[in-house]
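Subject: Structure for you to look at

Hello,

Here is the structure I said I would pass on. Please open it first, then read the notes below it.

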Amino acid sequence: MHRIGVLTSGGDAPGMNASIRAVARTALYHDLEVVGIRRGYEGLLEGDFVPLTRSSVGGIILHGGTILRTARCEAFMRPGGINAAVSKLKENDIDALVVIGGDGSFRGAKELADRGVKVVGIPGTIDNDMAGTDCTIGFDTACNTALECISKLRDTASSHDRMFIVEVMGRHAGFLALETGVACGAEFILVPELPVDLKAISDKIHYAKQRGKTHSLIVLSEGVMHAAELAEKLKGRCDYDPRIVVLGHLQRGGAPSCFDTVLASRLGSAAIDALIGGRSGVMVGRVKGEVVESPIEIAWTDKRTLDPDMLRLVDMLSI
Ligand code: ADP
C-alpha cells in the first residue's frame, strides 16, 4: 500500500476538516501518499483528485465544512457506477480509501469493500444516528450551535410571554433534539422515535400557565413534522399563539467544538492505523472513551436508541 484516497460524502459536518487533516498527516507520517477526492463519490467517478501534503491540510483544523467539498451521487448508487469507481481507483494507483460521512456514505463504502477495495469509514454527521460509535463527528458542535440559538430565543420567549417551537435537524433520529432540548430546559422535546400526544402537551402547558409559568419552549425534531404543522395543531388547544423557528442548515456550519476536533483527529488517525494493520471494510468509532473498529455495516444494521434516562430527565426537569 503506498497511496491512499480520502473523501467526504453526504451532509457536511463540523470536524470533517480536522479528520481530513488527521488522515493526511498520519498517512504522510508513515510515508504514504495521500490523494484528496473532491465532491465525494461524484468526484471519484470524475477523477477530481488533488494531492494532499502536510501544508495543504494546514490551517484547516478549526474550519467548518470540508475543504474537499461533499456531494450526493446518484450514479454511484447503481452497480455500474460502483464498478466504474473501482476502476477509477485502480487507474490512479489508489490502494485504499477513507470515507468520511454518514450511513449512506458507508453503504457505498461497503459496496467498494465487497469488490475488493480496501476501505475504512469515519462517521461524520450531525445526526449521530450511526451505531459503532457513541458520537459521530459534528454532533457535539451542532448541539452547541442549536443551544446558542435557543438560548437567545428563550430571552424573547420570557420577555414576551411566548411559546416557541424550535425545529432542529436530525433526519429520522431524535438525538440532536433530545440533547439540545435537555440542555436548554425545554418543556417538551418531540422526537421521531416516540408518538406525539397533543393532549398531553396542551394539558402540561395549561397547568404550567396556571402555576404562573409565562412562556414555553418546544424542541421539535424535523423527523416528526414541520414546526408550522405543529403550531397549527396546537393553536386553539393551548393559551399561546405559538411562534416557530426552523434552525435548518445553521446547525451544520461553524467551527468544530473541542470535543469534535479531538474526536475527528483521533478517528482520522485510527483509520490509517486500521489500513496499515491490513483491516478493511471497517469503521472507526469512539465507544466509552476508547477508539474501536467495527464492521462497517454495523452503522446501519445495529440501531442506536435514545437513552431512556435522558427521556425520563425531560419529564422530571420540565415540571
Ligand atoms: P450520508 O452519508 O450523510 O448518510 P447520504 O445518505 O446522502 O448521506 O449518502 C451519501 C452518498 O452515499 C449518496 O449520494 C450515494 O452516492 C452514496 N450511497 C448512499 N447509499 C448508498 C447505497 N446503498 N449504495 C451505494 N452508495 C450509496
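The shell around the ligand draws its largest share, 6 residues, from helix α4 (residues 103-114). Helices (H or I, at least four residues) and strands (E, at least two) are DSSP runs, numbered from the N terminus. This is a predicted model: local features need pLDDT of at least 70, side-chain atom pairs count only at pLDDT 80 or more, and totals for chains, interfaces and linings use all residues. Residues are numbered from 1 along each chain as its sequence is written.

The shell has 17 residues, of which Gly10, Gly102, Gly104, Ser105 and Gly108 come nearest to the ligand. A residue counts as near if its C-beta atom, placed from the backbone, lies within 6 Å of the molecule. By type, the shell holds 4 nonpolar, 9 polar and 4 charged residues. Here Ala, Val, Leu, Ile, Met, Phe, Trp, Tyr, Cys and Pro are nonpolar, Asp, Glu, Lys and Arg are charged, and the others, Gly among them, are polar.

Next, a helix pair. Helix α5 (residues 139-160) packs on helix α6 (residues 175-184) at an angle of about 45°, and their axes are 9 Å apart. The axes are lines fitted to C-alpha atoms over the stretch in contact, with angles from 0 to 180 degrees between N-to-C directions. The angle makes α5 oblique to α6; under 35 degrees would be roughly parallel, over 145 roughly antiparallel and 65 to 115 roughly perpendicular, with the rest oblique. The residues of this contact divide into 10 nonpolar, 2 polar and 2 charged.

How many of the residues of α6 are buried? The count is 9 of 10, where buried means that 20 or more other C-beta atoms lie within 10 Å of the residue's own, exposed means 12 or fewer, and partly exposed is in between, with C-beta atoms placed from the backbone. The buried residues of α6 pack against α5, β6 (163-168), β7 (188-190), β8 (216-221) and α11 (308-317), a contact being two C-beta atoms, placed from the backbone, within 7 Å.

Last, the backbone angles. Most residues other than glycine have a negative phi. Asp31, not a glycine, has a positive phi of about 60°. Asp31 sits in the loop between α1 (16-29) and β2 (33-37) and counts as exposed because it has 7 C-beta neighbours inside 10 Å. Arg171, in the loop between β6 and α6, has a positive phi near 50°. Arg171 is partly exposed, with 18 other C-beta atoms within 10 Å.

Regards
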